[in-house]
Amino acid sequence: QTQQDVVLIRSSQRNRVPVHRGLWEGLGGEQFEGAVEPFMITLEAGASSGRFPMTHSGHEFVFCIRGELVYEVAGSSYHLRTGDALLFSSTLEHKWHNPGSNVTNALIILSGFQGTESPSKYHLISPSTDSNQD
């Protein structure tokens, strides 16, 4: 797919990928030529990124739209609730889970990563594995 310098993604045209106990929705980063990958994630109660932490180049911005989300970054735990935001260097080991009893929606923006890397793939949760690392 050709990378573009301007990308418009209509709601009905988003890449939607069912993930283990949730849904990943691309917001244009897959087609954008710059080093930014925004996506939305919907997580059922108890859903997580798996047992093992992940790392990738760049930075990660997380905005909790609805529900609760706990991010563990470099051994510290950050409990996000609706309207909370978290920003960190994604070279730090991190993982996350939905600790609540309701569905969680979060906007995640990955930026500043190496040009050859596509870091959103680390956030695609597979039901057949506990690890999101390569």
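**Strands and rings in a predicted model**

Student: Which residue of strand 2 is the bridge partner of V19?
Tutor: Let's begin with the terms: strands are DSSP runs of E with at least two residues, numbered from the N terminus, and two strands pair if DSSP finds at least two bridges between them. Strand 1 and strand 2 pair in the antiparallel sense over four bridges. In strand 2, the partner of V19 is G22.

Student: Before we go on, what kind of model is this?
Tutor: Residues are numbered from 1 along each chain as its sequence is written, and side-chain values use heavy atoms, with hydrogens and water left out. Local features need pLDDT of at least 70, side-chain atom pairs count only at pLDDT 80 or more, and totals for chains, interfaces and linings use all residues, since the model is predicted.

Student: What is the strand order of the open sheet of six strands?
Tutor: The pairing in this sheet is antiparallel. Five bridges join strand 2 to strand 3, with L23 opposite T42. Strand 3 also pairs with strand 9 (residues 104-111) over eight bridges, where F39 faces I108. The order is 1-2-3-9-4-7.

Student: Which are the edge strands of that sheet?
Tutor: An edge strand here pairs on one side only.

Student: Is L27 buried, partly exposed or exposed?
Tutor: L27 sits in the loop between strand 2 (22-26) and strand 3 (36-43). With contact meaning heavy atoms within 4.5 Å, L27 touches I9, R14, P38, F39, M40 and L107, leaving aside neighbours within four places in sequence. Buried means under 20% relative accessible area, exposed over 50% and partly exposed in between, using a 1.4 Å probe and protein chains only. At 27% relative accessibility, L27 is therefore partly exposed.

Student: How many residues of strand 3 are buried?
Tutor: Strand 3 is largely enclosed by the rest of the structure. That is because, of its eight residues, the buried ones number seven.

Student: Is the ring pair of Y71 and F88 stacked, edge-to-face or tilted?
Tutor: Rings of Phe, Tyr and Trp (its six-membered ring) pair if their centres lie within 6.5 Å; planes under 30 degrees apart count as stacked, over 60 as edge-to-face and the rest as tilted. By this rule there are two aromatic pairs. In the pair of Y71 and F88, the centres are 5.6 Å apart and the planes stand at 55 degrees, so the pair is tilted.
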